[in-house]
Amino acid sequence: MANAAAPTSHFALPGWKPGSKSGLARRGLMLVLSSPSGAGKTTLSRRLLALDDRITMSVSVTTRPPRPGEVDGKDYFFIDAPAFGKLRDEGDLLEHATVFGNLYGTPRRAVEDALSAGRDVLFDIDWQGTQQLDQSAQQDLVKVFLLPPSAADLEARLRSRAQDSDEVVRQRMSKASDEISHFTEYDYILINQDIEDSLSKLVAILQAERLKRRRLTGLASFVQSLRDAL
Ligand SMILES: Nc1nc2c(ncn2[C@@H]2O[C@H](COP(=O)(O)OP(=O)(O)O)[C@@H](O)[C@H]2O)c(=O)[nH]1
Ligand SMILES: Nc1ncnc2c1ncn2[C@@H]1O[C@H](COP(=O)(O)OP(=O)(O)O)[C@@H](O)[C@H]1O
């Protein structure tokens, strides 16, 4: 799907001004962030989105109940199981999975619209969803896995969030080892010790990936015009 999206993003060339048609056309990319629960995906995603207005969050649908402070349509679209089944059966989800007994899925339309407008899209999804995107959009995918510095830190973070019961925290800790076993399926690994350090590394990954030659759809004509002028 994403491979069919029209790439229209531009980044600065010397002398380029925002809104100018002289930027280099670039295909949007799909940046996936996965980790065991509590390692810091949500925190890191929010920080990245606040820094960079060329990337948009993919807001998932879920049957999980909202946590205190979570906003419908911003953190997730909170829906019931029949509504989820309808979206899935009608092909409106790009990927979907069951995590901790709840259903989660990525609405297709918003992602396709963002990519075709030349924007990058950030996904906070698990390894199952990442595998599905790998099947359908491998060329556009950049996969980052976040690890906690230690098991004790992970548990402390899950508890510090103070939004889940002891039972839910226990369940998430017991799944963490399985989640982590999928780290080999990702392109980049961040050990999220210091959030500022993780953020600067994530920004560096994004900057480098935006410069990948295969994403620069306007490159051939730019180089041709350079050569013509030589
Ligand atoms: N496959 C898939 N996983 C998702 C989606 N949305 C969230 N997840 C994952 O579901 C897991 C649980 O998410 P959540 O309930 O928000 O808990 P948290 O990650 O501990 O904050 C995390 O691993 C998320 O990355 C989605 O649309 N698709
Ligand atoms: N680098 C970090 N150092 C200390 N605490 C962190 C760090 N990153 C995230 N946290 C805290 O850990 C808890 C879980 O983070 P969160 O972003 O909700 O994780 P996830 O989305 O992966 O489940 C939150 O209370 C958050 O403030």
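The legends below describe close-up views of a predicted model.

**View 1. The five-stranded open sheet.**
In this sheet the 5 strands follow the order β4-β9-β3-β10-β11, and their pairing is parallel. The edges are formed by β4 (55–57) and β11 (188–191), each of which pairs on one side only. Averaged over the sheet and with direction ignored, neighbouring strands are turned by 25° against each other. Strand β3 (residues 30–34) and strand β9 (residues 120–124) run parallel and are joined by 4 bridges. Within this pair, L33 lies opposite D124 of β9. Helix α4 lies across β3 and β10 (141–147), and its direction is at about 160° to β3.

**View 2. The four-stranded open sheet.**
The 4 strands of this open sheet are ordered β6-β5-β8-β7, and the pairing is mixed. Each of the edge strands, β6 (77–78) and β7, has a single partner strand, so one side of each has no neighbour in the sheet. In general, strands of a sheet pair through backbone hydrogen bonds, in either a parallel or an antiparallel manner. Strand β5 (residues 61–62) runs antiparallel to β8, with 2 bridges between them. T62 is the residue that stands opposite Y104 in β8. Two helices are also shown with this sheet. Helix α2 (residues 81–89) packs on the sheet, where it touches β5, β7 and β8, and its direction makes about 40° with that of β8. Helix α3 (residues 108–116) also packs on the sheet, touching β7 and β8, with its direction at about 30° to that of β8.

**View 3. The hairpin of β7 and β8.**
The strands β7 and β8 run antiparallel and are joined by 6 bridges. Across this pair, E95 stands opposite T106 in β8. The hairpin has 2 residues between its strands, and F100 takes a positive phi near 50° there.

**View 4. The packing of α1 against α7.**
The axes of α1 and helix α7 (residues 195–210) come within 10 Å of each other, crossing at roughly 55°. This angle makes α1 oblique to α7. The crossing of the two helices is right-handed. On the α1 side the contact is made by T43, L44, R47, L48 and L51, and on the α7 side by I195, S198, L199, L202 and V203. The classes in this contact are 7 nonpolar, 2 polar and 1 charged.

**View 5. The packing of α5 against α6.**
Helix α5 and helix α6 (residues 166–180) pack at an angle of about 150°, and their axes are 10 Å apart. The two helices are therefore roughly antiparallel to each other. Their crossing is right-handed. Helix α5 contributes L154, E155, L158 and R159 to the contact, while α6 contributes V169, R172, M173 and A176. Of the residues in the contact of α5 with α6, 5 are nonpolar, none is polar and 3 are charged.

Methods: Residues are numbered from 1 along each chain as its sequence is written. Chains are lettered from A and ligands numbered from 1 in the order in which they are written. This is a predicted model: local features need pLDDT of at least 70, side-chain atom pairs count only at pLDDT 80 or more; totals for chains, interfaces and linings use all residues. Axes are lines fitted to C-alpha atoms, for helices over the stretch in contact, and angles run from 0 to 180 degrees between N-to-C directions. Angles under 35 degrees count as roughly parallel, over 145 as roughly antiparallel, 65 to 115 as roughly perpendicular and the rest as oblique. A crossing is left-handed if the near helix is turned anticlockwise from the far one by less than a right angle, and right-handed if clockwise. Two residues are in contact if their C-beta atoms, placed from the backbone, lie within 7 Å. Ala, Val, Leu, Ile, Met, Phe, Trp, Tyr, Cys and Pro count as nonpolar, Asp, Glu, Lys and Arg as charged, and the others, Gly among them, as polar. Two strands pair if DSSP finds at least two bridges between them.
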